[in-house]
Amino acid sequence: MWVQWQVMVRAMKTEAEWAASRHIPATMEEYMSVGAPSFALGPIVPLSAYLLGEELPEEAVRSPEYGQLLRHASAVGRLLNDVMTYEKEVLTWTPNSVLLQALAAARGGGESPTPPSPACAEAARGEVRRAIQASWRDLHRLVFRDDDGSSIVPRACRELFWGTAKVANVFYQEVDGYTPKAMRGMANAVILDPLHLQQ
C-alpha cells in the first residue's frame, strides 16, 4: 500500500519538474509512465477495496492482473482529464497527452516552441479518445471475465476499478469536473437539489 503512495508522489514530483522546465515527454509511453500514477488511483482504490467486506489478499494486490486493472483504470482517468484540460494546460506548457500527440503530428519529432494549431489539437484529441476507448475495452475484459478461478483479484475489487473509471468519466464527460465549482455542483445535484420526476 505504501509503495503506491510513493509511486504517486514520485510521479507528481516529476510532473512538477516537467512543468517547471517546460519539458514535454518524447513519447506517450514516457508521459503515461508518470501521468497514469499521478492520477492517484494507486493509493485510492486499495483503500476502498479493503472496505468491500471481502478479503483482498496481498498476493492479489501484487499480481500482474491487479497491475493491469490499475493501469487501464488510471489510463482512462488520466486521458479523460487530458482531453478536457488541454486548453488550460497548453497555455502553461504543462505536459498533457493531447499536447504531446499534437506536437508529434505537427513537427514529426524535435522541439516545438509554439502551441499546435487548433486543427492539429483536435486531431490529437481524436487520437487520445481512441486510446481511452482501447483502455475501456481492456478494463472491461479484465473486470467482467468469467469467474472460472483464473482470476486472483476478487470480483468486487475488479468491479471497483470499473466503477472508479466510470466516476472519472462523469467528472470529465463535458468539462473539467475536477474543479471546486464543478464538484460543488455535482454534490449539490446529488444531495441538495430536488429530484425532478418525469411522468
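A residue counts as buried when its relative accessible area is under 20%, as exposed when that area is over 50%, and as partly exposed in between, computed with a 1.4 Å probe on protein chains only. The model is predicted, so local features need pLDDT of at least 70 and side-chain atom pairs count only at pLDDT 80 or more, while totals for chains, interfaces and linings use all residues. Residues are numbered from 1 along each chain as its sequence is written, and side-chain values use heavy atoms, with hydrogens and water left out.

**Exercise 1.** Describe the aromatic pair of Tyr-66 and Phe-161, and state whether these residues are buried or exposed.

*Solution.* Begin with the rule: rings of Phe, Tyr and Trp (its six-membered ring) pair if their centres lie within 6.5 Å, and planes under 30 degrees apart count as stacked, over 60 as edge-to-face and the rest as tilted. The structure holds three aromatic pairs. Next, place the residues: Tyr-66 lies in helix α5 and Phe-161 in helix α8 (residues 155–171), so the pair ties together parts that are 95 residues apart in sequence. Helices here are DSSP runs (H or I, at least four residues), numbered from the N terminus. Finally, both Tyr-66 and Phe-161 are buried.

**Exercise 2.** Work out which parts of the structure the pair of Trp-136 and Trp-162 ties together.

*Solution.* Trp-136 and Trp-162 form an edge-to-face pair, 5.0 Å centre to centre and with 70 degrees between the planes. Since Trp-136 lies in helix α7 and Trp-162 in helix α8, the pair ties together parts that are 26 residues apart in sequence. Trp-136 is buried, with a relative accessible area of 13%, and Trp-162 is buried as well, at 18%. With Phe-144, these two residues form one aromatic cluster.

**Exercise 3.** List the residues that line the largest cavity and sort them by class.

*Solution.* On a 1 Å grid over the protein atoms alone, a cavity is a set of points where a 1.4 Å probe fits but cannot get out, and lining residues have an atom within 4 Å of a point. A volume is the space filled by probe spheres set on the points, which are joined across faces, edges and corners. About 30 Å³ of space lies in the largest cavity, which is lined by Ala-49, Leu-52, Glu-54, Glu-55, Leu-56, Pro-154, Ala-156 and Cys-157. Ala, Val, Leu, Ile, Met, Phe, Trp, Tyr, Cys and Pro count as nonpolar, Asp, Glu, Lys and Arg as charged, and the others, Gly among them, as polar. The lining therefore has six nonpolar, no polar and two charged residues.

How values were computed. 1 Å grid on protein atoms, 1.4 Å probe; cavity = no way out; pocket = protein on both sides within 12 Å on 5 of 7 lines; lining within 4 Å. Helix = DSSP H or I, 4+ residues; strand = E, 2+ residues; numbered from the N terminus.
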